[in-house]
Structures are given as structure tokens and as C-alpha cells.
Amino acid sequence: MGKSRNNLTRKSYSLYSILYSRFFYTAKLIYSKISNYFEIKKTIVLQGDSKIGIHHKTLLNIKDSKIIVNNGELKVGIDFGYFDGGIYDSKKDRCKIFMVNSTLEVYGNVSLYPGVVIYAVNAHIIIRNNTKINGNVEIISLKKIDIGEGCLFAEGIIVRDNDGHKMSGTDDAYGTAEVKIGNHCWIGQRAMILKGITLADNVIVGAGAVVVGSFPSGVALAGIPAKIIKENVSWSA
């Protein structure tokens, strides 16, 4: 019985071709980093006494957009976040910012913890002074999202001003409606803030709640859909 053999084609590369290939790979990488640097530099606008810190592992994909910091400091992926005793590590958990024809406007000091995702197309996102947004939060905007001062976002929250896909019987291609979150609001772990809602100041949203309506100040919300479970409440960090 004959013995079958597999004929494998092997291609050898000379040291010259390997070095040549490596050189162009390195040159392309350097060019990409330099281009990204100047693109980011054009994108960031610092107004007044402002500064920005962006962790080097943050993924930035920005086109025809601006990040504007007004008289404060924006930290992206630098501070350490936490949830239930776990830690979001800036060395492992990267922020991701994807913006097309959009503006991310910050007033005062704002921190986006490692793992935060911002997605904006033809949109305007505003985040105000002393607001902290924990890891794994997703802010998805196709219109406008306005977040007030002194807010605290726990881990895993989703905030979106759109449906994401067209639904029958609607004129708006993506079902967009502005979202406004007032000052000193506490949004619990894995809550969802959906399009068209307004939260007044000092609202507490319970963990896992799905907010689809608008609510007055000083109330605590919980449930799916979220409803008022307590009035005249306040909270402190």
C-alpha cells in the first residue's frame, strides 16, 4: 500500500526582506501615531484655565468633532473606578471615545473612569462640574445629552437619546429625543436612561431601573419602567 505524502510549499525569506518589511511596518506605525497626535491636538479646545488628561490606552476615533473643556479639568481613563469591591484599572480597562461631527463639552472638573464608552454622531454631549462617571458606562448620542453638576454614575449605566434603529410609524430615522439630567443626581448600577427624559435636580435612580419618563426633583426611582418610590430624598457621596 502506497504511503501518501502532503506536499507543502515553504517559502523562505531573506534577512534583508524581513528587515525591509519591519522598517515599513515601524514607519507606518510612527506615521499613524504622529497623525493621531496632531488630529487630537486640533480636536481639543481648552477654554480659560483648563487642562485635559487622557490615558495613553484610551481608544480615540474622532472625525470633524471637538472636545471642549471650560475652566476645569477633564480626566479620561486616569482615575480609578470601582464597583462592589472590584476595581477598574486604567492599565487594563480602556475608555473608548467615538465621535463624528459632534461635540463633547465639559464645564469644570469631570472624570471619565476607565472603561467608559462615549459614542456620538451629529450630537452634542454636555457634562458639568464635579460629575464622576464610573467604568463600563455607555453614553450613546445621536442628538443631545446634557448631564448636570455633581452627578455620580455607578458602574454599567447606559444613557442614550435614540432608539438606534428606525421603527415603523416614526418620521425620525433613529427615534431621537434629547436627554437632560439635572444637578446632583445619583444613577445606580446598571440603570438605563432612555431618550426624551428629563430628571430634575437631586434625583436618585435605583440599580437596574429603566427610566422612560421625566421626574421632579428630590425623588427616588426604581423598577422597570422606573416609578417614584420615595419623595423628599437627598443623598451624599
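**Strand pairing around Trp186**

A: Within strand S22, Ile204 is the bridge partner of Trp186. The model is predicted, so local features need pLDDT of at least 70 and side-chain atom pairs count only at pLDDT 80 or more, whereas totals for chains, interfaces and linings use all residues. Numbering starts from 1 along each chain as its sequence is written, and side-chain values use heavy atoms, with hydrogens and water left out.

Strand S19 (residues 186–187) is joined to strand S22 (residues 204–205) in the parallel sense over two bridges; strands count as paired if DSSP finds at least two bridges between them. Both strands belong to an open sheet of nine strands with mixed pairing, ordered S2-S5-S10-S13-S16-S19-S22-S24-S25. Its edges are S2 (51–54) and S25 (227–231), each of which pairs on one side only.

A further open sheet contains seven strands in parallel pairing, ordered S1-S4-S9-S12-S15-S18-S21. S21 is paired with S18 (residues 179–181) in the parallel sense, over two bridges, and Lys180 stands opposite Thr198 of S21.

Of its 237 residues, 39% are buried, that is, under 20% relative accessible area with a 1.4 Å probe, protein chains only.

Conventions: Helices (H or I, at least four residues) and strands (E, at least two) are DSSP runs, numbered from the N terminus. Buried means under 20% relative accessible area, exposed over 50%, partly exposed in between (1.4 Å probe, protein chains only).
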